[in-house]
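Please open the model in a viewer and keep the selection panel at hand. The stops below are given in the order in which they may be selected.

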Amino acid sequence: MSVVPRPAPVGLPLVFTELKSQFGILRTREAAETTLLPPDRFPVFLESPLGSAHVVVSGLLEEALVALGQTQVPNLQTLSDGRRILQLKEEERGAVLLALCERHWHAEQRCEVGANPVPSREQQQALFLTGPFIRQLLLSEFSLPRPGVFDLLLYLSQRPSSELHEVRDVLEELTEQTETFQNHSELTEGESYVLTLLDTDRSPDRKSLREGRPSKTENPPSAAIGRPLLTPGEVWADAVNHDMTALPSDVEVIWRDLFTHLGMAHSSRPSKKWLKTAQQHLDQIGGSAALESIIEWLALASESRLPTKMGRSPTPYFSASSPSADDNSDTLRGLLWLVPLLPDDPQVARRLTAIALSSYKKLPGIGPRAPKIGNAAVYSLSQMGTTDAVGQLAVLKTRVKLASAQKEIEKAFRAAAEALNLPREEIEEIGVPTFDLDEGGTLTEQFEDYTATIQISGTSAELTWTNSQGKPLKSIPAKVRNEHKDDLKDLKQTSKDLQSQLLAQRDRLDSLILSQQTWSYQVWKERYLDHPVVGAIARRLIWNVDGAPALFLTGTAEERAGNAVSHGQTADVSLWHPVGKPIDEVLAWRGRLEEVGITQPFKQAHREVYLLTEAERRTETYSNRFAAHVLRQHQFHALCAARGWKNKLRLMVDDVFPPAMKELPKWGLRAEFWIESVGDEFGRDTNDAGVYLHVATDQVRFHPLGDDPNLAHAWGGGYHAARRRRTEEAPHLGIPLEEIPPLVFSEIMRDVDLFVGVASVGNDPTWQDGGPEGRFRDYWQTYSFGELSGTAKTRKQVLEKLVPRLKIASRCRLSDRFLVVQGDLRTYKIHLGSGNILMEPNDQYLCIVPNSRQRSKDQGLFLPFEGDNMLSIILSKALLLAEDHKIKDPTIVRQIEQA
């Protein structure tokens, strides 16, 4: 047992004074005036460096006592003060963590069995609450100065080993910091003693730190030969363990050295020192040899369960059913950090993307499964400095909806632009991989007597097979499956990656319509028209060439009549938009696309145009065009993310929320779509996590980009100007709508129309009864069969062209709001907005829930654009009802036969 030292200063002054006095490491002058803080009457020194942090903790505990009591597990995310703490700067969060540790230790001492005086109820509750809060902050990102680190270590030294198991990664990171401190200056007597208070099994390197020697593993790697290198249970970790056993012992020792270093990946980014050491280990193994193994391990990591890093609470009060921390998490993060140091290989970037997508995937009731792993994959893509890596970042930008992940992806784009010495706005254009496709968007691979072809069709990548006679095959030949497994796997992955890239580029080009980006013809031709992937999309769009609209279907500019458009090599090129164009021009372009059979990747010629109405001119600064709708909140939230809007899920908490917002940097504007929660009963109007199921829509406004957003309380009550405290001040008025550029106004209103058109409960055919307790019956009826929105009006225009070509054309006609279908048993009216159905002669409602198989059967019809699922649903229902005598579904038949 170590000898208790003479009084030796350690940690922050006036912090943990009682605890330090027990070990003789109290500062000589720490007597000062105290004050008691509610609710647990904690005595804080007036001069304590944690004074303000303790005030924050008091507010948190008081809110938790009201909101939770002792019946639920305390969680920072469900408390407004808790969420504010999680949004603090890392230094401020570290101070709050230390203050919580002080409160927890103090409450624990007062609540010991037989304590005199008897602890108050508030002190017992503080003990219950602070433990889980400490655990949650320990697993977040926080920062402490050197004295604060030793204060935290002192507190942790007094916790049972069973509690520290769940935060051992944090403990190891803290002790690694003490090693850094020692490299700058020798540890003081008090600091050294704090390290002796921690058991050696909690940190194997503590002894060398205590004795002032450089940290190193007590057992050499050779002593671990034959033991599993990683914790078994994950496919990739099991593969690593298996591969190690196949190596000669001298080579295995080198790999174990590397993995020991990888396991020290505790921070959010690797330090220069960490990277330097990793490079030294790689040099010993050989970059090519390491690459071959790591590629396979990364492939398995993307396909298997990833570490959750959730952990359990460091107190016994936390639910024992929570997932435990994964021992391999830091090692996997270190393996990802290692990737940019490896030789270039296009497969690696794809592996990183797969891991990021898997990591950011949300799990019900938990959230993203492993965001730190996803962030590490994104970081590595940013550091690779290749166009393949940039292309994969473009895929992540469109497929990942997590807001925090999008911030990491944007950082990665900026880092990649810097590495490639290119402007940020150009980096996504030059990073699109070609996949070795020819000019026609085709890749051909030979497998002995069989030929595999990947062909771009629209925004899909189709993989087909033919035999030696050129005959198409319905499936992959057995010979290829059995004798070319690895090559077949690579081919399938290429097809999958190409599909992802096509969707990513489609969405990117759609977003460029609002930015109105312009290129010189030569640059545009290289990056768009001649690119085998982007070109497949670009050739189906209309472009402005020095202001003249043109189609590049054959590679040269043609006007709407098919005549060549002359232009120079320095011509300016931009995407065409129908806003402000004569109706004759728009209709002519629609006709041209139909004539040549072009299905556009998104609505362009048929794009809805939203112009100011007289009502909007009267309201001046806001639009009520899409107010008073009821939306499914989770679906609305997902649509916001897909369209580049920022939105926060409304929770049943005492807090304020900004509206859904979209920032438009090019225009110096920010659009707001006001929404409020619907309902006031937990469990009926919310899910089990307290998230509202529905929101009601209100105004659309525009503000200068830098203005503070308006706020509304989670329970409703209208929006008000942003202030530190809630007030009844009127909301910021915003910019008059007449001053908003027509293109911006039209595109924002189009987004809002999309949100309402897709997420409205009026689209749900099962909501005829108005949902819970029939509260939305009137709204459902009004929306389901009411006036058509801008999107629905465009749908009607398309159907006017399509219906005459249907095999059931003689049974169909269009009215003002419906596609009317004459069946053998009844006549049906399909609403062009909601897709819901009324049956004549008494407008009886017919409930048909569409399925994905029906939607895909469009009878080989030419559709002028992709992406309108409701159009497919309406066509599928029409085809079904025209032959109603053949319907077998008893639920549908029963409704049709009712008088």
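Axes are lines fitted to C-alpha atoms, for helices over the stretch in contact, and angles run from 0 to 180 degrees between N-to-C directions. Helices (H or I, at least four residues) and strands (E, at least two) are DSSP runs, numbered from the N terminus. This is a predicted model, in which local features need pLDDT of at least 70 and side-chain atom pairs count only at pLDDT 80 or more, while totals for chains, interfaces and linings use all residues. Residues are numbered from 1 along each chain as its sequence is written, and side-chain values use heavy atoms, with hydrogens and water left out.

**Helix pair**

Select helix α13 (residues 272-285) together with helix α15 (residues 329-338): they pack at an angle of about 80 degrees, and their axes are 11 Å apart. α13 is therefore roughly perpendicular to α15 (the class covers 65 to 115 degrees). Show side chains next: W274, L275, A278 and L282 of α13 meet G334, W337 and L338 of α15, where contact means heavy atoms within 4.5 Å.

**Four-stranded sheet**

Move to the open sheet with strand order β5-β6-β7-β8 and antiparallel pairing; two strands pair if DSSP finds at least two bridges between them. β5 (442-447) and β8 (472-473) are the edge strands with a single partner each, so one side of each has no neighbour in the sheet. Between β7 (residues 460-466) and β8 there are two bridges, and T466 stands opposite P472 in β8.

**Aromatic pairs**

The structure holds 25 aromatic pairs. Rings of Phe, Tyr and Trp (its six-membered ring) pair if their centres lie within 6.5 Å; planes under 30 degrees apart count as stacked, over 60 as edge-to-face and the rest as tilted. Select W674 and Y719: the ring centres are 4.5 Å apart and the planes meet at 20 degrees, so this pair is stacked. W674 belongs to strand β17 (residues 669-677) and Y719 to strand β20 (residues 719-720), 45 residues apart. W674 is buried at 4% relative accessible area (buried means under 20%, with a 1.4 Å probe and protein chains only), and Y719 is buried at 7%.

Continue to F702 and F745, a tilted pair with 6.3 Å centre to centre and 40 degrees between the planes. Both F702 and F745 are buried.

Methods
Buried < 20%, exposed > 50% of the residue type's maximum accessible area, 1.4 Å probe, protein only. Parallel < 35°, antiparallel > 145°, perpendicular 65-115°, else oblique.
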